[in-house]
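The following exercises concern the architecture of two chains and the contact between them.

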Amino acid sequence: MTHDHDHDHDHHHDHDHSELTETQLRVRALETVLTEKGYVEPAALDAIVEAYETKIGPRNGARVVAKAWTDPAFKKALLEDATKAIGTLGHVSRVGDHLIAVENTPKQHNMIVCTLCSCYPWEMLGLPPIWYKAAPYRSRAVKDPRGVLADFGVTLPKDTDIRVWDSTAETRFLVLPMRPAGTEGWSEEQLAEIVTRDSMIGTGVPKAPEEKTK
Amino acid sequence: MNGVHDMGGMDGFGRVEVEQNEPAFHHEWEGRVMAMVRAMGANGGMNIDAQRFSRESLPPAVYLASSYYKKWFLALEQSMIDRDMIASDEIAAGHSLRQSPPLKRGTFSMDDVKRVMVRGSFGREPQAAAAFAIGDQVRTKNINPVTHTRLPRYARGHTGVIERINGCHVFPDSNAQGKGDNPQWLYTVVFSGRDLWGADTDPSLKVSIEAFEPYLERA
């Protein structure tokens, strides 16, 4: 394992040390049992963990958004059939079926949630953050989305309608945020840098052009 | 089932806490759990809907108090015990103590990794024509199965509009029980926020769910 264990002990999500140790031991016991039974090869598990830590993340989604901002034909194709449109981009890893892209406009802001579990377009955005999987977001997003957005420091204009998509099946949703003013003439690579993960979930907006280097 | 996992519209959980620069995993064991769940899903015949049902079936207090991957771990361990793939004395011993039946698709090895890194397709051949068209008014049924369902409580018994037809998909309510794909049409059904939550609600709010045809009737 290439993992750094140091951060295990100072993180605010930690419960007490003994509980952590107990869980660690139980997980190890289960992996040993599964390995001895010939159910799993530990190296194959390593490969999955490594892929999530290093290869899969929101930059996949950011590239798709940047492309849609600069290429109207691609944007049209993306909104019609996101899985198919992304399949035409060689530099983005293949996505599974049933991806739906939804466009933010001055008239409508879109926000994605999974109230029942944690459905999330991980091929586009990586593993979901803890808040996406936790009770505060899952409970409130469908009832008080503007209040949830306030937790993220986002205030929508009063005349922008809000639409929440609850991912209750195997369809997955990617928000296409609005391209910020002041980015005229930017390349796809430059644009991809201001597309944040949260802007593709609908709990944030892209960085302002002057924030690009942050 | 009407479990605590069905959280839409509940109050009292507090504000959303965002962690800056959150790592993929906070502890090494979380990654191992995630990988084991993927592996057993891919080769051990534990389908996604059965996995979800096993997490929903954790005792409510455990569900609410456990971290995300702790829930995954507890549910994985329990469902493997329920399927006689492992036994609790083996977990306690930290070793396999007896032979278990081989996995449906054999040992999960390096050759299987690629397959689990792309989400599978849940689209299936329709058994019949779609009953609803875009723009149709529908009402969600008032159903309360004790088994797995993907119709959240907050959206039961409400009138909405068919906005998209998303093809014909594996029906989770059947698949979770090992009763096969039983493919059903899947629709995006949109409701007004006021219809769901009452007159005090933001009038601009619309909420959609992904609803399988058996959840719906004509309004």
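**Exercise 1. Domains of chain A**

Solution. The model is a predicted one. Begin with the bounds: the domain assignment of chain A places domain 1 at 16–54 and domain 2 at 59–211.

**Exercise 2. Composition of chain A**

State how many helices and strands chain A has, and what share of its residues counts as buried.

Solution. First, the secondary structure of chain A consists of 11 helices and 4 strands. Second, chain A has 214 residues, of which 44% count as buried. Third, consider the contacts in chain A between residues at least 6 apart in sequence: 66% of these join residues at least 24 apart.

**Exercise 3. The side of chain A that touches chain B**

Describe the contact between the two chains: how many residues does each chain contribute, and which elements of chain A take part?

Solution. Step one is the count: chain A contributes 69 residues to the contact and chain B contributes 71 residues. Step two is the assignment to elements: on the side of chain A that touches chain B, at least two residues each come from α1 (17–36), α2 (42–54), α7 (130–133), α8 (135–140), α9 (145–151) and β3 (161–166) of chain A. Among the contributors, α1(A) gives the most, with 12 residues. Step three is the division by class: this side of chain A comprises 34 nonpolar, 16 polar and 19 charged residues.

**Exercise 4. Strand pairing across the chains**

In which sense, parallel or antiparallel, do β3(A) and strand β4 of chain B pair?

Solution. Strand β4 of chain B covers residues 205–212, and β3(A) pairs with this strand in the parallel sense over 5 bridges. At the level of residues, A:Arg163 has B:Lys206 in β4(B) as its bridge partner.

**Exercise 5. Two packed helices of chain B**

Determine the relative orientation of helix α2 and helix α4 of chain B, and list the residues that make their contact.

Solution. Two quantities are required, since a pair of packed helices is described by the angle between the axes and the distance between them. Helix α2 (residues 48–56) and helix α4 (residues 68–82) of chain B pack at an angle of about 110°, and their axes are 9 Å apart. Because of this angle, α2(B) is roughly perpendicular to α4(B). From α2(B), the contact is made by B:Gln51, B:Ser54 and B:Arg55, and from α4(B) by B:Lys71, B:Trp72, B:Ala75, B:Gln78 and B:Ser79. By class, the residues of this contact of α2(B) with α4(B) are 2 nonpolar, 4 polar and 2 charged.

**Exercise 6. Organisation of chain B**

Along its principal axes, the C-alpha trace of chain B spans about 60 × 45 × 35 Å. Finally, of the 219 residues in chain B, 44% are buried.

Methods. Residues are numbered from 1 along each chain as its sequence is written. Chains are lettered from A and ligands numbered from 1 in the order in which they are written. This is a predicted model: local features need pLDDT of at least 70, side-chain atom pairs count only at pLDDT 80 or more; totals for chains, interfaces and linings use all residues. Domain bounds come from an automatic or database domain assignment. Two residues are in contact if their C-beta atoms, placed from the backbone, lie within 7 Å. Ala, Val, Leu, Ile, Met, Phe, Trp, Tyr, Cys and Pro count as nonpolar, Asp, Glu, Lys and Arg as charged, and the others, Gly among them, as polar. Two strands pair if DSSP finds at least two bridges between them. Axes are lines fitted to C-alpha atoms, for helices over the stretch in contact, and angles run from 0 to 180 degrees between N-to-C directions. Angles under 35 degrees count as roughly parallel, over 145 as roughly antiparallel, 65 to 115 as roughly perpendicular and the rest as oblique. A residue is buried if 20 or more other C-beta atoms lie within 10 Å of its own, exposed if 12 or fewer, and partly exposed in between; C-beta atoms are placed from the backbone.
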